[in-house]
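Here are my notes on this one, for you to read with the model open.

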Amino acid sequence: MKENKYMAAIAPFDIEKLTSYLECHLEGFVGPITLDKFSGGQSNPTYKVMAKSGTYVLRSQPPGKLLKSAHAVDREYKVLAALKDSNVPVAQVYHLCEDTSIIGSMFYIMEFCDGSVYWSASLAEIPTNTERSQMYDAMNNALVALHRVNVDSIGLSEYGKAGNYFERQYGRWSSQYRASELQKIDAMDNLSRWLEVNLPQDDGKVCLVHGDFRLDNMMFAKNKPEIIAILDWELSTLGHPYSDLAYQCMGLRMPQGMGSIDGLKGVDRTRLGIPSEAEYVATYCQRMGIEKIDNWTFYLAFSFFRLAAIVQGVAKRASQGNASNENANKIGKFVEPLAQMALQIIEQETQAQ
């Protein structure tokens with residue numbers, strides 16, 4: 001569901017068994033079926049399912065032994081089901097299968113949304129500045145809608161721990177970074193120390209957060225600048241609203257060619273009709289009914305630290321044989337630049353004071 005490009009699918013499971021199961025458990029479902037695998041950006045294998053009764057999406061855990069709490073498609077299903085009648089644009093989910101004997105792993109079936117996903121923050125494919133501006137405004141509005149959801153009323157009050165979000169997150173990612181460290185990186189050590197000293201006091205803000213709120217996790221309508229579905233809820237939890245906002249702004253600050261999505265570093269936003277970071281944050285604040293965001297430098301710097309720690313973990317696993325050493329080296333090279341970007345933000349803020 002994430003891209004409009006597919007790979008011909010040689011399913012690693014019994015299609016006839018899956019068809020029989022869905023005909024028994026999904027109202028109105030009629031086979032036979034054919035599958036196409038979505039071709040990129042998916043940590044959980046995702047298939048376009050074409051059946052006699054219509055088109056669906058199957059999203060499953062990957063095969064093999066998994067880390068505890070990783071690839072939790074049941075959590076994705078739960079949050080998408082809970083958001084069904086909210087103002088947050090999500091695909092409709094139809095059925096969760098926890099019986100791993102059907103395809104070899106847990107999976108769920110959801111609506112197929114036929115839209116467009118973009119990977120360059122400059123939105124170069126979009127013909128006008130007005131449309132680009134409207135698309136950024138749509139993302140901003142969707143984020144506000146998410147953060148305004150009453151988690152108690154939709155049954156998600158136990159979806160995560162409440163309070164002290166950044167303190168807990170700092171502890172988690174610091175530990176994971178140390179556990180996956182392949183070599184000493186001074187920039188990461190300096191950034192970690194700064195974050196520890198500058199942890200803001202808990203302000204009591206708790207909301208549903210996406211955890212990976214970025215452009216390529218938005219599916220837009222094909223004929224208008226409207227988001228029809230926010231994708232990939234694997235990292236969603238109860239957390240602090242500014243974590244999502246800072247994470248998206250971090251991505252927009254990054255250069256082109258660093259990871260899967262091209263950022264806006266060095267890009268003339270005004271020429272493209274794209275709001276500045278200050279304008280984007282101000283619009284968010286206005287919609288949320290708040291005057292400003294204190295400690296913005298911390299939230300940005302923490303986003304870079306978290307991403308660098310995640311990347312270091314990928315590099316560590318690759319070095320242990322889960323991927324080639326060449327790939328491990330390639331991924332690992334992003335860690336220091338990410339930390340340096342955060343330190344530059346901190347330095348700029350210090351000089352401005």
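1. The axes themselves are lines fitted to C-alpha atoms, for helices over the stretch in contact, with angles running from 0 to 180 degrees between N-to-C directions. Helices (H or I, at least four residues) and strands (E, at least two) are DSSP runs, numbered from the N terminus.

2. What you have is a predicted model, where local features need pLDDT of at least 70 and side-chain atom pairs count only at pLDDT 80 or more, while totals for chains, interfaces and linings use all residues. Residues are numbered from 1 along each chain as its sequence is written, and side-chain values use heavy atoms, with hydrogens and water left out.

3. The overall picture: the protein chain has eleven helices and ten strands. Of its 353 residues, 50% count as buried, where buried means under 20% relative accessible area, exposed over 50%, and partly exposed in between (1.4 Å probe, protein chains only). Taking contacts (heavy atoms within 4.5 Å) between residues at least 6 apart in sequence, 70% join residues at least 24 apart.

4. On to α5 and α11 (residues 335-352). Their axes are 8 Å apart and the packing angle is about 45°, so the two helices are oblique to each other. The crossing of α5 and α11 is left-handed, that is, the near helix is turned anticlockwise from the far one by less than a right angle (clockwise would be right-handed). From α5, A187, M188, N190, L191 and W194 take part, meeting V335, E336, A339, Q340, A342, L343 and I346 of α11. By class this contact has nine nonpolar, two polar and one charged residues. For the classes, Ala, Val, Leu, Ile, Met, Phe, Trp, Tyr, Cys and Pro count as nonpolar, Asp, Glu, Lys and Arg as charged, and the others, Gly among them, as polar.

5. α5 (residues 186-197) also packs on α4 (residues 165-180), with axes that come within 11 Å and cross at roughly 160°. That makes α4 roughly antiparallel to α5, and their crossing is left-handed. Y170, S174, Y177 and R178 are the α4 side of the contact, against M188, D189, S192, L195 and E196 in α5. These residues divide into four nonpolar, two polar and three charged.

6. Leaving out residues up to four places away in sequence, S174 touches S192 and F305.

7. For α6 (residues 241-253) and α8 (residues 277-288), the axes come within 11 Å and cross at roughly 160°. α6 is thus roughly antiparallel to α8, but here the crossing is right-handed. P241, Y242, L245, Q248, C249 and R253 of α6 make the contact with E277, Y280, V281 and Y284 of α8. By class, that is seven nonpolar, one polar and two charged residues.

8. Now the cores, meaning sets of buried Ala, Val, Leu, Ile, Met, Phe, Trp, Tyr and Cys residues joined through side-chain atoms within 4.5 Å. The largest nonpolar core has 95 residues, and V88, Y136, F220, W233, L245, I293 and W296 touch the most other members. Helix α9 (residues 296-322) gives the most to this core, with 13 residues. A second, separate core of 18 residues includes L22, F29, I103 and F107.

9. I293 is worth a click: beyond residues up to four places away in sequence, I293 touches Y242, L245, V281, Y284, C285 and Y299. Another one to select is H147, in helix α3 (residues 129-147).

10. Helix α2 (residues 73-82) has V73, E76, Y77, V79, L80 and A82 as its buried residues. Their cover includes the strands β4 (54-60), β5 (93-97), β6 (107-111) and β7 (207-209).

11. Last, E349 sits in helix α11 and is partly exposed, at 33% relative accessible area. E349 and W296 are 53 residues apart in sequence and 9.8 Å apart in space, C-alpha to C-alpha.

Terms used. Angles under 35 degrees count as roughly parallel, over 145 as roughly antiparallel, 65 to 115 as roughly perpendicular and the rest as oblique.
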